[in-house]
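Let's work through a few exercises together. Take each one step by step, and keep the structure in view as you go.

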Amino acid sequence: MVAMSWVAGVLTQSVGVLIGLLAALFLIGLLIYDLAQRRHSVLRNFPIIGHLRYWFEQLGEYFRQYFFAGDREELPFNRATRAWVYREAKNEGGAIGFGSTNDRREPGTLLFVNHPFPVLEEDRLPTPPLMIGEGACADPFLARSVVNISGMSFGAISRPAIQALSRGAGQAGCWMDTGEGGLSPYHLEGGCDLIMQIGTAKYGVRNPDGSFSAERARELARSVSAFEIKLSQGAKPGKGGVLPAAKVTAEIARIRGIPEGRDSISPNRHPDIANVDQLLDRVCGLRDLTGKPVGVKTALGDDSFLTDLCEALVRRGAQDAPDFLTIDGGEGGTGAAPQTLMDHMSLPIAEALPMAVDILRGASLKERIRVIASGKLVTPARAAWALCTGADFVHSARGFMFALGCIQAMRCHTNTCPTGVATHNRRLQRGLVVEDKATRVANYVRALNRDIDMIAHSCGQRHARELNRSHVRIVETAGRSVPLNILYPGA
């Protein structure tokens, strides 16, 4: 026994010495490398310890959101907003105690105008659905939910994420936009209404040479409720989408009609659409081909596009109008995009939406064209503001990512999403349980629609579609707010 103990002690000491020697050799090698390399000044002047600077820089954004930033300080979404979505998605309720952390004096804050005699329970009405494409196409569809799922492509987000969104949308009665990545079998699982987005690369509706496939469009029309021609999105107007090669699996390549394992890069615009008349020709042609409603998605830089569009429609006739118009604010951002465009390109939804609604009203086209608002509208207050402004529906993408479990890790473009939402790594996808997350998606939709109605009732309206610009005020300076109908009088 003594001999065995002695041998074990010697072995333990030997292993310890070996580990220490390897560690010393590693540090010596790192020291030599740091002193010799020419790329990083910090490492040349402070070898070894200089690596801490890069480590802290990488981890800084994660530490800030959990330990240092206040509940209302973070971007793109603060902790209070994320926490509300998480609670509602889990059906834990949105009540808080001891007052709000929202600074009501901050410029841009929304203040709804409560009525002295709010609507009683027995006088409330369900928010009515709206038809899209009625009188303009052979097969219009009835849109039941005010809040719906914005475009997130299969490829940009994972298979279980698409499955959970589709099933949750089916449970809650909202529609789901496919994004520009084409229609996958997973979109169909929940039996929800689907809007098939056609991006600049025409993924899913393209011939082998990249041109539009009428045959494929007719085939898809049997499975979807509407089509959406995407001109641009708020995250990167003027720039095509990029799906890194690591995310272009064999299945995604087959659905999109592109080569496997190569970067999937969309053109920055439709090569065959260079003006509003060509756009309207494509809208009419696709509607006639499929019998489905056809809309347009775009970000706005000013009023020129919509002014030109309305002038063309006055000339051609309202029958040529798109059946809906999705206005995406410049604060959008589910996909990867250059920071320069994300930071500075296109108008935020707060300016773009009232501009779009007023131009359509001025041309007497607002009743013909349904307006969908998109751009960080993840809470009931922001969604209700959009309805007050004149939107018919609200789109959200990142709100639904939070409902799926997204923790704002900011790794959507790296294929290393820790929650399985935006990765094709099967090990990471395992964390996203489809059945559980589908229920959370449905809970989130119901909570948004319910709380939008609650705001309407507090404003003295029987349902959310009775909201207008007089029902909300915008804080301009500390202690002073202005009614939205004064800020934007409308057409």
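**Exercise 1.** Find the residue that follows H8, and describe its phi.

*Solution.* Helices are DSSP runs of H or I with at least four residues, numbered from the N terminus. Bear in mind that this is a predicted model: local features need pLDDT of at least 70, side-chain atom pairs count only at pLDDT 80 or more, and totals for chains, interfaces and linings use all residues. Residues are numbered from 1 along each chain as its sequence is written, and side-chain values use heavy atoms, leaving out hydrogens and water.

**Exercise 2.** Work out where the buried residues of H8 lie around its axis.

*Solution.* Step one: list the buried residues (under 20% relative accessible area, 1.4 Å probe, protein chains only). Among them are Val-276, Leu-279, Leu-280 and Val-283. Step two: look down the axis of H8; the buried residues fall within an arc of 165° (taken from the directions from the helix axis to the C-beta atoms), so they line one face of the helix.

**Exercise 3.** Describe the aromatic pair of Trp-84 and Tyr-444.

*Solution.* Step one: rings of Phe, Tyr and Trp (its six-membered ring) pair if their centres lie within 6.5 Å; planes under 30 degrees apart are stacked, over 60 edge-to-face, and the rest tilted. Step two: these centres are 6.3 Å apart with 70° between the planes, making the pair edge-to-face. Step three: Trp-84 lies in helix H4 and Tyr-444 in helix H15, so the pair ties together parts 360 residues apart in sequence. Both Trp-84 and Tyr-444 are buried.

Technical notes. Buried < 20%, exposed > 50% of the residue type's maximum accessible area, 1.4 Å probe, protein only. Helix = DSSP H or I, 4+ residues; strand = E, 2+ residues; numbered from the N terminus.
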